Amino acid sequence: MIRLDSISKQHGKQILFLEASMSVFKGEKVGLVGPNGAGKSTLFRILLGTETADEGQVSFVRGLRVGILPQESAPV
């Protein structure tokens, strides 16, 4: 399980999340959609631990691994 409890994130004056919460349980499939600049990639970086939320807490069930396939392709 992945759980986000009241996370907030802001870049300059742009608020991406304000006290956002959600849970994803084993076996669930979740889609994340939104316009450019809405914070989708930032949310994934928070889940990966490469970026931190300004407020709130992110927790995972023990042993869970989170991975991401970047949008950018590797140079040829």
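**Exercise 1.** Determine whether Met-1 is buried, partly exposed or exposed.

*Solution.* Step 1: recall the classes, in which buried means under 20% relative accessible area, exposed means over 50%, and partly exposed lies in between (1.4 Å probe, protein chains only). Step 2: Met-1 has a relative accessible area of 35%, so this residue is partly exposed. Step 3: locate Met-1, which lies in the segment before strand 1. Helices (H or I, at least four residues) and strands (E, at least two) are DSSP runs, numbered from the N terminus.

The model is a predicted one, in which local features need pLDDT of at least 70 and side-chain atom pairs count only at pLDDT 80 or more, while totals for chains, interfaces and linings use all residues. Residues are numbered from 1 along each chain as its sequence is written, and side-chain values use heavy atoms, with hydrogens and water left out.

**Exercise 2.** Identify the nonpolar surface patch to which Met-1 belongs.

*Solution.* Step 1: patches are made of residues with over 30% relative accessible area and no salt bridge; like charges are joined within 9 Å and nonpolar side chains (Val, Leu, Ile, Met, Phe, Trp, Tyr) within 5 Å. A salt bridge is a side-chain nitrogen of Lys or Arg within 4 Å of a carboxyl oxygen of Asp or Glu. Step 2: Met-1, Phe-25, Phe-60, Val-61 and Leu-64 make a nonpolar patch of about 420 Å². Such areas come from the Shrake-Rupley method with a 1.4 Å probe; for residues, only the protein chains shown count as cover.

**Exercise 3.** Describe how the strands are arranged and paired.

*Solution.* Step 1: strands of a sheet pair through backbone hydrogen bonds, either parallel or antiparallel. Two strands pair if DSSP finds at least two bridges between them. Step 2: three strands form an open sheet in the order 2-1-3, with antiparallel pairing. Strand 2 (14-24) and strand 3 (55-60) each have a single partner strand and stand at the edges, so one side of each has no neighbour in the sheet. Step 3: strand 1 (residues 2-11) is joined to strand 2 by seven bridges. Within strand 2, Val-24 is the bridge partner of Ile-2, and Ile-15 is that of Gln-10. Step 4: five bridges link strand 1 and strand 3, where Ile-2 stands opposite Phe-60. Step 5: the hairpin of strand 1 and strand 2 has two residues between the strands, and Gly-12 takes a positive phi near 60 degrees there.

**Exercise 4.** Characterise the surroundings of Leu-32.

*Solution.* Step 1: Leu-32 is found in the loop between strand 2 and helix 1. Step 2: its relative accessibility is 39%, so Leu-32 counts as partly exposed. Step 3: leaving out residues up to four places away in sequence, Leu-32 touches Lys-40, Leu-43 and Phe-44, where contact means heavy atoms within 4.5 Å.

**Exercise 5.** Summarise the protein as a whole.

*Solution.* Step 2: of the 76 residues, 18% count as buried. Step 3: the C-alpha trace spans about 35 × 35 × 20 Å along its principal axes.
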